[in-house]
Amino acid sequence: MHSALVRVQNVFGFFTTVAFITAIVVALSVTVIPQTPSAGIELRNVQVVKGRPYYHSTKREEYAHIRFDLDADLTSLFNWNTKQVFVWITATYPSKKTSEPLSQAIIWDTIIGSQSQKNPSTPFTMYSNLMNPPKISTKPKRPSKAKQQEVELAPGLVRLKNSKPKYQITDISGQLSSTANVTLELGWNVQPWVGALTWTMGEGNSWGRWEGLKGGRSKAFEMPALKVKGVNQEAVKGSGKPEKVAEASPIVK
């Protein structure tokens, strides 16, 4: 007869084999689920400032502050194997040298978690709910006005109006004013529970039942020129001197 150790090894080997095969099936099963993401980005305002973009900056340089509208529907990226989706917006513009590739800088990002990640079901939570069941009240509760006005969006729906950027744009040359052909583009990275990471597919591309992003790019605009004397001035923290600011509405081409 086999010893107890051999039996434990056989059981563990069988368990890992089943778990590995199950993970492969789960990772491949999402390829049959259609994906049709869509988004729209519009520029609201752009400013070019001459100063120190960060408190630790040692030199004064030009940096851009961009406001935008975003209306994105990424709900088709969420399925039973989606853990979270990392979404970002990049500002793409030509480099100073034509021989160099396009420059890109992220101005905004966020992480959208799935419902299973927001409300995980673990043995600990199941035991806690069993030992401490929620109290059921017979009196109906009247929702507050704030909750009545609150609209809960499904995972993957993003609605931003005149949103501030999380990050300011700087260039290695230190100059951004009068830069033409600047566009805002949406990108994402799907992080599954099991399987490989998937990235943004551009419009017109497809892979099986997965379609590329429809829209997700703003119209080209031009950075405003830096004025010597601007009406609006911004004081940089720690410098004690007002900095030059240039502000302009988007120039659509």
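1. Let's start with the sheet: four strands, open, in the order β4-β3-β7-β8, and the pairing is antiparallel. At the edges sit β4 (103-113) and β8 (198-199), each of which pairs on one side only. On terms, strands here are DSSP runs (E, at least two residues), as helices are (H or I, at least four), numbered from the N terminus, and two strands pair if DSSP finds at least two bridges between them.

2. A word on the basis. This is a predicted model, where local features need pLDDT of at least 70 and side-chain atom pairs count only at pLDDT 80 or more, while totals for chains, interfaces and linings use all residues. Residues are numbered from 1 along each chain as its sequence is written, and side-chain values use heavy atoms, with hydrogens and water left out.

3. Back to the β3/β4 pair. Strand β3 (residues 82-93) runs antiparallel to β4 and is joined to it by 10 bridges. If you want a spot to look at, Y93 has S103 in β4 as its bridge partner.

4. Next, the salt bridges (a side-chain nitrogen of Lys or Arg within 4 Å of a carboxyl oxygen of Asp or Glu). The whole structure has four of them. One of these is D69 with R44, at 2.9 Å from N to O. This pair connects distant parts of the chain, with D69 in strand β2 (residues 61-73) and R44 in strand β1 (residues 38-51), 25 residues apart. D69 counts as buried, at 11% relative accessibility, whereas R44 is partly exposed at 39%. The cut-offs are under 20% relative accessible area for buried, over 50% for exposed, and partly exposed in between (1.4 Å probe, protein chains only).

5. R159 lies in strand β5 (residues 157-163), and 88 residues separate the two partners.

6. K166 is in the loop between β5 and β6 (169-170), 57 residues from D109. D109 is buried at 12%, but K166 is partly exposed at 49%.

7. Last, have a look at the nonpolar surface patch of F20, I21, I24, V25 and L28, about 500 Å² of accessible area together. Patch members have over 30% relative accessible area and no salt bridge; like charges are joined within 9 Å, nonpolar side chains (Val, Leu, Ile, Met, Phe, Trp, Tyr) within 5 Å. Areas are Shrake-Rupley values with a 1.4 Å probe, and for residues only the protein chains shown count as cover. I24 belongs to helix α1 (residues 4-29) and is partly exposed at 37%.
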